[in-house]
Amino acid sequence: MNELMESHKKTYKIPAEVSRVTETLEKAGFEAYLVGGCVRDLETGNKPKDWDVTTNARPDDIKKLFDETFYENDFGTVGVVSETEDPTLKVIEITPYRLEGKYSDKRRPDGITFADNLEDDLKRRDFTINAMAYSVSQGHVLDLYQGHQDIKDKVLRTVGNPHERFSEDALRILRAVRLASELGFTINKETADAIVETALSLKHISAERIRDEFSKMIDSPRPLEGVVIAQRLGLLTYILPEMEEGIGKEQNGDHIYDVWEHNLRALQHAADRGWPFHVKLAALLHDVGKPATRRWSDEKKDWTFYGHDVVGGRMAKKALERLKFPKKIVDDVSTLVRYHLFFSDVDKITLSAVRRIVKNVGPELVWDLMKVRACDRIGMGRPKETPYRLRKYESMIEEAMRAPVSVGMLKIDGARIMEVIRETPGPKVGFVLHALLEEVLDDPTLNTAEYLEGKATELAKLPLEELKKLGEQGKEKKDEKEAGEIDEIRKKHWVK
Ligand code: ATP
Ligand code: MG
């Protein structure tokens with residue numbers, strides 16, 4: 001083995017929590033290397049999400065060396081806990097050198113066997129860029145499979161024969177696409193061909209695992225590329241087959257892209273803006289109902305998609321449930337898809353329409369719905385909403401969500417007033433309510449059942465004409481207050 005070819009000198013800054021682990025192992029006479037994702041991240045200049053150490057020590061040796069170890073999993077991995085605020089350093093995993101086990105279910109090795117040397121451990125790893133080991137004490141990277149070169153070339157390649165590696169464990173197929181999407185790498189030709197040939201074995205992968213890799217892809221900086229690669233390699237069928245229906249589905253006049261590309265561009269916009277996961281999923285799925293509802297209209301001489309929001313909401317729910325997403329994600333995304341169509345032209349939309357939107361999606365999701373709308377527009381190749389129109393929408397949403405100024409605010413209602421003043425229904429009750437409202441608007445601390453009941457009794461004794469006048473003053477004050485509040489909101493958003 002030519003040491004020079006297969007390793008290179010490198011000094012990475014390693015957190016103290018991590019080097020303490022490798023030092024402890026080495027001082028006790030064992031070998032210790034950082035491996036896998038963290039070495040890949042160091043070499044690509046990304047911040048490692050977790051730190052994995054591999055060693056020729058066995059679980060019992062490891063547990064003796066670290067008194068705070070707290071678990072051991074099926075693979076002989078021992079977790080060492082560190083007192084730190086940094087979540088990536090809280091648990092450092094130490095895994096003994098292992099051999100590739102035999103796979104009979106395309107997913108899990110039948111048993112685990114420890115290896116005596118690092119080379120064997122690296123051989124079982126999935127991709128060349130994930131198969132490098134870093135010695136903290138020696139400051140060098142052991143790189144038996146040209147992972148460093150592949151990082152330079154931005155290429156993903158399996159360690160060894162790709163067909164064999166994917167046949168052993170089909171999850172690697174999804175990991176390939178996910179890593180390509182996260183890193184912006186291309187997949188090497190032989191590796192990609194083997195993915196196409198073995199894609200069928202994804203049937204053996206659980207929905208949860210597919211969901212987890214797919215979610216990482218969506219959360220990557222380039223989800224559009226990830227989904228496109230997954231589709232080209234024949235994997236989307238196992239993730240979101242309903243998306244594929246949109247390929248080549250031409251749309252109506254406003255659209256320059258087919259349904260598929262439009263959905264993808266919407267997704268990418270959500271990623272570019274750093275919007276939350278459920279907004280990204282909603283952007284991707286917002287027009288998922290279009291292929292099923294697409295009809296040619298002779299009258300319009302164009303395609304129509306009536307009901308695609310309702311159909312799409314249902315399809316999104318089913319798809320996300322199938323992928324075992326948590327209920328909250330399923331509900332939020334399907335609601336956003338269901339109501340994404342609502343916003344129309346800001347010059348035409350009425351406040352009551354906006355109120356209906358808020359009622360449908362709920363005040364928690366209404367701002368996310370605005371984000372999905374922005375993704376929809378950008379996904380159509382339309383310019384961004386002008387700042388004025390955007391502010392106008394926001395202002396209208398706030399206006400719609402504002403609790404109205406009305407007698408409903410009072411800690412007393414008509415029925416109670418009738419009891420207190422021994423009256424049957426009639427204009428007098430309304431006068432009393434509005435007279436009370438005027439007082440409460442002037443001094444909100446008076447809004448207690450006790451005070452209002454006493455005051456109502458007093459008011460009821462007034463001559464009807466006088467009471468009527470007080471009631472009318474109350475109504476005027478209410479209208480003034482309403483107008484004032486709306487004015488405030490509009491001023492805040494700089495709109496008329
Ligand atoms: P992430 O950034 O998501 O943590 P990762 O590559 O570190 O990515 P892990 O699941 O943490 O993923 O796995 C750590 C390492 O274990 C990988 O870098 C790889 O060397 C190896 N590995 C993980 N899954 C597999 C697999 N299915 N087959 C072979 N090796 C794997
Ligand atoms: Mg990792």
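User: Before we start, what counts as a polar contact?
Analyst: A polar contact is a pair of N or O atoms within 3.5 Å. Keep in mind that this is a predicted model.

User: OK. How far is the polar side-chain atom of R125 from an oxygen atom of ligand 1?
Analyst: The distance is 3.1 Å. That is a polar contact, because the cut-off is 3.5 Å.

User: What does N130 use to reach an oxygen atom of ligand 1, backbone or side chain?
Analyst: N130 uses its backbone. One of its backbone N or O atoms lies 3.0 Å from a ligand 1 oxygen.

User: And R172?
Analyst: R172 uses its side chain. A polar atom there sits 2.7 Å from a nitrogen atom of ligand 1.

User: How much of ligand 1 does the protein bury?
Analyst: The protein buries 81% of the 580 Å² that ligand 1 exposes when taken alone.

User: Which elements give two or more residues to the shell around ligand 1?
Analyst: Those are α3 (37-44) and α8 (171-183). The largest share, three residues, comes from α8.

User: How many residues surround ligand 1, and which are the closest?
Analyst: There are 15 around ligand 1. R40, K49, N130, D169 and R172 are the closest.

User: Which domains does the shell draw at least three residues from?
Analyst: Domain 1 (3-147) and domain 2 (154-239) each supply at least three.

User: What other domains are in the assignment?
Analyst: The assignment also gives domain 3 (250-401) and domain 4 (407-492). The C-alpha centres of domain 1 and domain 3 are 45 Å apart.

User: New topic. Which residues of helix α11 are buried?
Analyst: In α11 (residues 223-232), the buried ones are P223, G226, V227, V228 and A230.

User: What do they pack against?
Analyst: They pack against α8, α10 (207-218), α12 (236-239) and α14 (259-272).

User: What follows α11?
Analyst: G234 follows α11, and its phi is positive, near 80°.

User: Last one: T293. Where is it, and is it buried or exposed?
Analyst: T293 is in helix α16 (residues 290-293). T293 counts as buried because its relative accessible area is 7%, and buried means under 20%.

User: What does its side chain reach?
Analyst: The T293 side chain reaches the backbone oxygen of G289 at 2.9 Å.

User: Which residues is T293 in contact with, leaving aside neighbours within four places in sequence?
Analyst: Those are T304, F305, Y306, G307, H308 and V311.

Technical notes. Residues numbered from 1 in each chain as written. Chains lettered and ligands numbered in written order. Predicted model: local features only at pLDDT ≥ 70, side-chain atom pairs only at ≥ 80, totals over all residues. Heavy atoms only, no water. Near = heavy atom within 4 Å. Polar contact = N/O pair within 3.5 Å; in protein donor to acceptor, adjacent residues only side chain to side chain. Areas by Shrake-Rupley, 256 points an atom, 1.4 Å probe, with all protein chains shown as cover. Helix = DSSP H or I, 4+ residues; strand = E, 2+ residues; numbered from the N terminus. Domains from an automatic or database assignment. Buried < 20%, exposed > 50% of the residue type's maximum accessible area, 1.4 Å probe, protein only. Contact = heavy atoms within 4.5 Å.
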